[in-house]
Every structure is written in structure tokens, then in C-alpha cells.
Amino acid sequence: MKKLLLTLCVLLFLGITLVNGQTRKISGVVKSSEDGQTLPGVSIVVKGTTTGTTTNLDGKYEISVSADAATLVFSFIGMKAQEVPINGRAIIDVALAPETASLDEVVVVGFGTRLKSDLTGSVSQVKAEDIANVTQPSFESAIQGKTSGVYVQSGTGKLGQGIKMRIRGSSSVSANNQPLYVVDNIAVNTDNIGDAGNEATNPMADFNPADIESIQVLKDASASAIYGARAANGVVIITTKRGKEGKTSFNFSSQIGFSEPAKKVGFMNRAQYLKLFEEAFNNTYAISGDIWGYYSTYQSLLDDAFPYWRDPKDPTNLAKGPDTNWENQALRKGSLRQYDLTASGGNEKTKFFASLSMADQDAVIVGNSFDRISARLNLDQTANKFVSFGVSLNPVRTRNFRVANDNAFSQPLQMVALSPLEPVYIPGTNKLNNHTIYENGMIPLKYNSFNAEIYRNIGNVYALFNLLPSLTFRTEAGMDLTNQRERGYQGRLTNDGGPFGNASDRTVTLLNTTSNSYFTFDKTFKENYNVNLVGGMSYQEAVWNTAAVYAQNFPSDDFKRIDSAAEITGAGSNGTNSSFLSYFLRSNLKFFDKYLITLSGRIDGSSRFGKNSRYGFFPAGSVAWVVSKEKFMSNQKIVSFLKLRTSWGVTGNAEIGNFSSRGLYQASNYAGYSGLVPSGISSPDLKWETTKQTDFGIDFGFIDNRITGEFDYYVKKTSDLLLNVTLPSTSGYTSVTKNVGNLENKGWEFVINTNNLTGEFQWNTSFNISTNKNKITNLGGKIIRTGIWRAMEGYPIGVFYTKKFAGVDPANGDALFYKDATRTTTTNILSQASDQIVGDPNPDFVGGITNSFKYKGFDLNFVFQFVHGNDIFNGGRQWQADGLSYFDNQTLDIYNSNRWKTPGQITNQPQSRFDSGNGYGISSMLVFDGSYIRLKDVTLGYTVPTKLISHVGLSSVRVFVKGLNVWTKTKYPGWDPETNFTGTGASAQTQNLQQGYDFYTSPQPRTITFGLQLGF
């Protein structure tokens, strides 16, 4: 009996093993649904396993699957993945459709996702392919011209510098106007933490653009109000790439590029300088006689000013001698190199994405370079049907080798002020010329340094619990840790550091932690009623610590560390922190797949605000009607999609100092004794700036959605502006922060996307244009001033307020200015003219157009970006274009201008006069139209047919050439119309007002890049 039972068990085991071990073969052909062509290199995987294969050169495949295999997953680059049930079949043929913009694509919103067709708010989306192969350190410039309602301005050609982004205008005068950035559900730091002695840096340059899967820009209150007190300026949600089910795929990308200044202004050469200098000297001499009391000829003046301007071998021949192009000394050919390696894949349980990137770039301005090394691991694990969890890690090291700020003589581009008569080196030697009229910029370039090294770690972990079929709970915690060290040295031979040398060493540590916990309920009732609810809480804390030490008197320029200095001149440390505690709720209701309602509310508490107003409530609501799904639309074929939507909501701005509401004391010392002194008066009622926004929108699609688009009109009204109110001196304080004033933004946005040609030759176009009108409606009667910029009731923020040029007196060549609004003119004495509004740095409209072409393996994409109606104040031209009032070299447009020379001449260019200026100074003569249209990006690529490469183990090969800032059309006479120098250590108020400022600001680079992409 025992033997019989043993035999039966063995047979049963063998039977099970044989059944489980049975496999069967499935074969078929994969084609394109568009043209019927077979597709080689398509990935076929048994769902939930790593079993897979690829199609051969003829698009055919054969795969062995287990008896219990249920589904095959077909995927291919540029095609929609398709899951096909096996259902016992031995032959399965598949037609893959190309990936195109779809109204049913998933859009990431705050704490969840929605189908694009179900959105009731205004959201712009940028996909990975739209920012692929970015040649700038940061991704923001790559979305210029691709998103409506978003104005992006690089401001300078220096690498790693701050970038301005405005979503539907500026909503504040004194608080930060930058949007909130959220990466994988975690808010990250975007504030400049660099030294106040230089211009702002851009923390977003630490992110590798190649890791980004998509970018969503939340523009209206309905979309952004779930972020409450931090959403008045809009929200940018960045989603990084994650692994997908299927076999592991590797991708390698290499880019090598070369750059040059997109434009050179052009300055006078030796002959031109001598000619204009003689003219300007003689004009002044004819009016006033001897210049400075003893110069009666221009040559005698030059002899004293420029000791090396004559040829020592032939000093009387003025045609010979130095002829230096200082603009060419300051600007150079730049370069870039970037290498990216990624791996991704997984199965039903585990999915991963990993990347490693190295980037190195030299700017077009000498002395400036930037490099970054980054890695990323995104891991998602399904433990069982109830629990899944994941982790994201992103360690980064960036180094920014910086040059001085634009307002410093040691900034390389200020070398253009030097005369072409001055040589770079002292003749007959290899010693840099230190006898120039201003500092020879090549000296600080050699002996000065200011380098920032940043180690940043961004990561988060999450756990997702499936509590019920329709109810989940997600909890996550994230960290953004930045350690930034800046070391500077100013050499013994420089004006800044002489005669003994100066050094600084500064360290900043910023820890930003975030935790989110929320429930999501999603259920459809009776097929026609869908309810999606999200509710939870969030906590964020930022801790900032800084320490710095300064020293001087070094034995030589070879010793640059602090411990080599003879004297410590200063040291200090400080720290600050802030926190937010928030509760949020959102409901999305959908009835009959055509009536949509979204309601949300968020309660925010912030440590920054007064004890009487620490918490605020931010509600929002929106409705939409999908008209195209009504019965009366069913018998027509023109309109394939039509949705009407409207929204209203309240958002806030909390981006002010951490202690503006507090009564403060600070440490002080007197005669060697320490003590406390009051430094700030309390403001217990201080609360958020509040922005109420109304939006009306239309989403449409025609001819089977071959034409799609959006139109929005919005009105944003901000109240309770956070302003510093001046206090009487008898109070013992200078000012207090209070809620005073209102402003508004209103405008419209239009987007249209067209699939012009389909089939073997494809052509797609996307066009967007948007306007914004900004106006300050109430400042409590105050006028806020920063240089020539003003915030005034009834006008846009940052208008130019200075003297207004009235032309040239035909009788004598004098520059004329308006005395007052009656347009009465005065002489060339600026002080006799009154100040008035002479320009507006805010554009009337911005936009862009993108065209994409595909034919067989070739692809061509180009983007035009445009800005219209903004003015630029070119502060440098008060010396670059003043007709040689001093020794500064002049731009070629001044030399070639129709300047006044004879009585009766009608012109707008005053007579050139040395030591006079003839009206040149700060006036509207320095204000120019900054409008431009630019061929921002053009890429030509070729993908090698899979049948030519599959035999060597490659799944894809693509080569491309890419151009950045290829062509620009503008009337602006400066280096670049995309310019904005905000100064050093500038407050948020200064940055908000001081727009459109060009002061020896580096031009944007024109870059040509060659790239190779491999998939295997």
C-alpha cells in the first residue's frame, strides 16, 4: 500500500511538472497602422515576466510562452504600446499606432493625475521629447516659446545664472514672483543661496534635463489652489522618468557642441577711434578753449592718457600702433560636452529607472564655465496587492566657475570700454598692460577666481496602500539637501585685491524636508457618475545655515586659502528656518462623461506670518461642459471635441522674509561688551498676499482632432500686498512690513496644434501666443523706487521713470530734453529736465511656433520664439554711445550715425563733444525697443533602420545636429534683447522692479551641437 501511494505521488508530481513545463510558440508580424510597413526591433514581452523577444528585419517574431501566459505587450519607440490577449492563439499580428498628442493623455496635477479631456483648469504640458538634448545647464530655457502664458527670460549668457519665469504676469511688488517648483510631489528649493556680492544663481541648474519625463505648468486657480499659499505665481510640476514593465533597455547619449556669441555689438577700431576722438576734442575746444586748462591738441591728451598708443618705431605715424579689439578679448568660442547613460525596465513587481550624466560647458564670456555630474535611481516595488512602495535618489555635484558681476570693472565684458589704442600686453614684453585707462580685464581674469561647488541630494520615499478597490492611502517623505561652498580670491595685482590679495570662504547648508499623506477615492457609480476625492495633509520645513570668513594679505597669488592670510578681516555665521503646515481637499466630479466639476480647498499655516493671521484658507472651483458629447453634436464630423470651462479661486504668496512679522532683537557690542538691541517691530496681523483669479476657457478639436487648441481669458487680482511701510524716526525703527495695496493681471492665451500631414511624410505644427497686462491699482499713495524703476498706482510694475529725450537742436547740436509734461524743451543740462515715464519692460505679448517633420528615418524640428512690446534700459550705453565724452570706446552704430555736424542739420544724434557728454547720462536716450523673434532651436536627426543594426545588438541608433539661438531679428542695439541684470544681493522687490536692464550683460550663445543616441 505504501509503495502504491508513493508511486501515485511521484506520478502526480511528474504530471504537475510536465504541465507546468509545457510551453507553446506564438508568432506573427508587427506593422505600422499608418502605412502598413513592417516594424523591425519591436519589443514583445509576456506581461508580468521578463520573457521577451524582438521582431526581425521583416517585422516578424516568434516567442515561446508558458501555458498560463495571458497577454503580450508590444512596444516600440514613437509608437503606442499595445497589450494583446493571447486567448489560445498561435499567430498574433499587430498594427502599432504612432504616439500623437491625445485628449486622453494623462496630465499630472497636484497630488494626482487626470485625463487631459477631464481637466477643468488651465494646465500646459511639456513632454520629454520637447526638452530633449538640452544644451543649456537648466531646462527652463528649453520651454521658451512652447507654453502659453509663460514668460521665460534667461537674462544673461553666463552659465548657471538665475532665470526669470513669470506665469500670467507678476503678482507681487515686494514678495517673490517665481513659481513653486514641485519634483515628484516634493517642493524643492529655487531660491538663490549664493554670495550677495555676485548675481543670483539658479538652483534648478542642478537638475539633469534628460531625467525629466514631463513638465506641467498649473496656471489658473483651479489647477494650482491645492498648493494654497505658495501658488499665486503658478506651479511647475516636474515628473522624472520611471521604469516600465519589460526587458531592461539601455540608452546612451553623447553631445559635443561649439558656441559663439549670438551677436557682437561692434566697437571702433584704431582709425575710427582717432577720427572720432579728434572730432569730439575739436568740438569741445571750439566751445570752451583749452581742455582741462592745458590740452590744446587731441594728440597731447592721448599721450598722457595712453602711454603705449604710438608705435615706438614710428611714433609720428598715427596709422601705426596698437589696434586692440577688446570685445574679442572678452568673448570667445565656447564648448559643451554631455554624456548620459540610462537603464530602465522591470516586471510586474519591480520597475526601475537609473541614469548617470556628465556635463561640461564653457561660456562665450571668458572665465566662465560650468560642469555637473548627476545620478538618479527611481525604484518602484509592488509588495503584494495591498502594498507598494518606492524610492527616488538624485545625488548631484555641480561646479560653477564664475566671473564678477556685470557692474564690476573686473567683469570681462567691461573691457569694451577700453580704447583700441591700448594694447593687452606692454609692448615688447609678455606682461599684461596695467597702465590702461580702466583696469585691463585680462589681469583679474588671470589672478581672480570665484568658484561655487554644490553637492545636492534630492530624494523621496513613498508607500501606497490599497485599502479598498476604490480607496488608496499614500504617504511620502522627501528631502532636498544642498551644501554649497564658494571660495573667492582677488589677486595682488588686481584693483580689487591689490596690493596684498583678498580671499573669502563661504559655506551654506540648506535642508528642505517635506512630508505628504493623503487618501484618494475614485469610484464610478452606475457607469455615468465618477467621483474622485483627494484629501490629506502636508508639512514642509526649511533650515538654512551659513558661515563665512574673509582674509587679506597673502604672501603670493599661489597661496589662496584662508590659512595663508596674515589677517582675518571678517567672519560670521547665521541661520534661519521656516515651516508650513497644510491640509487640503479636492473633489473631481464627472457626470455622463460630459459635465465636470472640480472643487478644492487648502488651509495653510506658516511660521512667517503674524500670530493673528498665521493660517489662511484658499478655495477654488471650476466647471466644464464637454459640448461635443451632446446628442446634438453627434451628426456632424467637423467638431470632434469641444469643451467650455470656467474657474475661480484664491491662491496666496508667502515668499517673504522668515521674520517679517516678528518683533526682533539682535546682538551688538559696545566698548567690548555684548548686548541686545531692538532691530524689528512686530506686525502681528501680517498675512498672505491673496490672489483671486477668474478664468474662461475653450478646448477644441476639429477633423478627428487633427486640429486641436485652447483659448483662455483670465483676470488675476492681488490684494493685501506685502510692503515695507516707512515709520517715523521717533519710533526707533525705519520700517515695518504690512499688507498694503492691490494689483491686477489680465490677458488671453491661444494655442493651436495641427497634424498637417500624416502617413510616410509627417508634419505637425504647434503655435501659441499670450498677452498680459499688469497694473498696480493701489499702493496707499506710495511710490516705490529702485534706480529709474518705479512701482506707481495706475501703471505696470517696473516702469522706467527718468528724463525724456526731445531730440537735437538743429542750430547747435545740443541734446534737448523735456522740462515737464507740457513738452517744453530744455538744453543739454539733464538736471533741468523733469522725470517722467519713458518705458515699460513688460512685454505686450509672447509666444512661439514649433514645426516637426518626419520622413522615413529623418526628423526635423524647429522652434521660433518671440517677445514683443517690452523696453530695455541699456545702462552701459551712457558711456558706450556718448560721442566720446571721455575715453571709453564707442559702438560702431555711433561712429556710423548721422550725428550733428553742421547748423540746420536734422538728426537725433547730438554733436560729439569730449568732456561734455552733450546730454548723455540717464535718460530715455538709453531706452530701446526690446522686441525680437528668434529661431530658438532647430534639430535635424536621422534614425538608422533597425534592420541595419539589430545584428550587432543595438535596438536604435540616431544621429543629430542641433542649433540653439541660430538667428535673431531685433532692433535692439545691445548684445542681446534677452537680457536682465538684477544687481548683486538684490531683494525680491528690487528683482521685481528692476526689469529689462542691460549693463555690459553677456550675450546668449549661438550653439551647434552634434549628438549620437544608442539604444540596446
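Aspartate 604 has a relative accessibility of 0% and counts as buried. Its salt-bridge partner is arginine 602, with the closest N and O atoms 3.1 Å apart. Arginine 602 is also classed as buried, at 6% relative accessibility. These values come from a predicted model.

In total, the structure holds 44 salt bridges. One of them joins the side chains of aspartate 380 and arginine 242, at 2.9 Å from N to O. Aspartate 380 belongs to strand 20 (residues 369-382), while arginine 242 sits in the loop between strand 16 (235-240) and strand 17 (246-261), so the pair ties together parts that are 138 residues apart in sequence. Aspartate 380 is buried, at 15% relative accessible area, whereas arginine 242 is partly exposed, at 27%.

Another salt bridge connects aspartate 480 with arginine 456, the closest N and O atoms being 2.7 Å apart. Here aspartate 480 of strand 23 (residues 471-490) is linked to arginine 456 of strand 22 (residues 449-468), 24 residues away. Aspartate 480 is buried, at 1% relative accessibility, and arginine 456 is buried, at 1%.

A network of salt bridges links Arg168, Lys219, Lys643, Arg645, Asp695, Asp699, Asp712 and Glu749.

Strand 32 (689-702) and strand 33 (707-719) are the elements that give two or more residues to the patch.

Tryptophan 748 is located in strand 36 (residues 742-757). This tryptophan 748 is partly exposed, with a relative accessibility of 33%.

How values were computed. Residues numbered from 1 in each chain as written. Predicted model: local features only at pLDDT ≥ 70, side-chain atom pairs only at ≥ 80, totals over all residues. Heavy atoms only, no water. Helix = DSSP H or I, 4+ residues; strand = E, 2+ residues; numbered from the N terminus. Buried < 20%, exposed > 50% of the residue type's maximum accessible area, 1.4 Å probe, protein only. Salt bridge = Lys/Arg side-chain N within 4 Å of Asp/Glu carboxyl O.
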